[in-house]
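Please look over the sequence and the model shown here, and then follow the strands and the charged pairs in the paragraphs below.

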Amino acid sequence: MLKSLMAIVALAMIAGASIAAQSSSSPAPRVFVFTAEPKSDPPSADEQGRLDSVKDVREALSHKAGLNMVSSASEATVLVEVIEREKTDAGAGGFGGTSVTPQGEVLLRLHLKFGEHETDVKGVAPGYWGRAAKDAAERAFKWIVRIDNTQGKHGGDASAVSSRY
């Protein structure tokens, strides 16, 4: 009796999951994160920093529900380009001792393109590039969701982004 009840519950859960998957209004946006190719064989410090931020932003966006990360621009509906990294030093602080955390702010600039829509977002954090990448990814995610929702309501096309990149 108990086994048959468990089987019925399991089948109901599977059926419910498949119905929920079918009722989705549109497929999840496919996201590709990149930066300009390095101009020199060992990348310069600036180029290497942007490449590191690509990994950080890709990692942060991969944890967002409703996004699919892809490995090429041709597969993507959303392009996220790491444009620039900036660091501002806050100078010496404290009471003459050494600082445990880096002083100053780091800023990461991203350019996003989703269909015909484009915007720039930035991520800011005290001291650490990974935190700035998470902040930028959070802002990018909110923008992507907003554009995806407006395209779904107005019948816009979210097909693959042009292969300009």
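Predicted model: local features only at pLDDT ≥ 70, side-chain atom pairs only at ≥ 80, totals over all residues.

Val 31 has Met 69 as its bridge partner in β2, and its bridge partner in β3 is Val 78. Strands and helices here are DSSP runs, with at least two residues (E) for a strand and at least four (H or I) for a helix, numbered from the N terminus. Two strands are said to pair if DSSP finds at least two bridges between them; β1 and β2 pair in the parallel sense over 2 bridges, while β1 and β3 pair, also in the parallel sense, over 4 bridges. Strand β1 (residues 30-34) has 4 of its 5 residues buried, so the strand is largely enclosed by the rest of the structure.

Residues are numbered from 1 along each chain as its sequence is written, and side-chain values use heavy atoms, with hydrogens and water left out.

Side chains of opposite charge can pair when their charged atoms come close. The structure holds 6 salt bridges, a salt bridge being a side-chain nitrogen of Lys or Arg within 4 Å of a carboxyl oxygen of Asp or Glu. One of them joins Lys 64 to Glu 138, with the closest N and O atoms 2.3 Å apart. This pair links distant parts of the chain, since Lys 64 sits in the loop between α2 (45-62) and β2 (68-69) and Glu 138 in helix α3 (residues 129-154), 74 residues apart. Glu 138 is partly exposed, at a relative accessible area of 29%.

A further salt bridge runs between Glu 86 and Arg 109, whose closest N and O atoms are 3.1 Å apart. Because Glu 86 lies in strand β3 (residues 78-88) and Arg 109 in strand β4 (residues 105-114), the pair ties together parts that are 23 residues apart in sequence. Glu 86 counts as partly exposed at 28% relative accessibility, and Arg 109 is partly exposed with a relative accessible area of 30%. Glu 84 also belongs to this arrangement, as Glu 84, Glu 86 and Arg 109 are linked in a network of salt bridges.

Within helix α3, Asp 135 and Arg 139 lie 4 residues apart, about one turn of the helix, and they form a salt bridge with the closest N and O atoms 3.1 Å apart. Arg 139 is partly exposed, with a relative accessible area of 44%.

Methods
Buried < 20%, exposed > 50% of the residue type's maximum accessible area, 1.4 Å probe, protein only.
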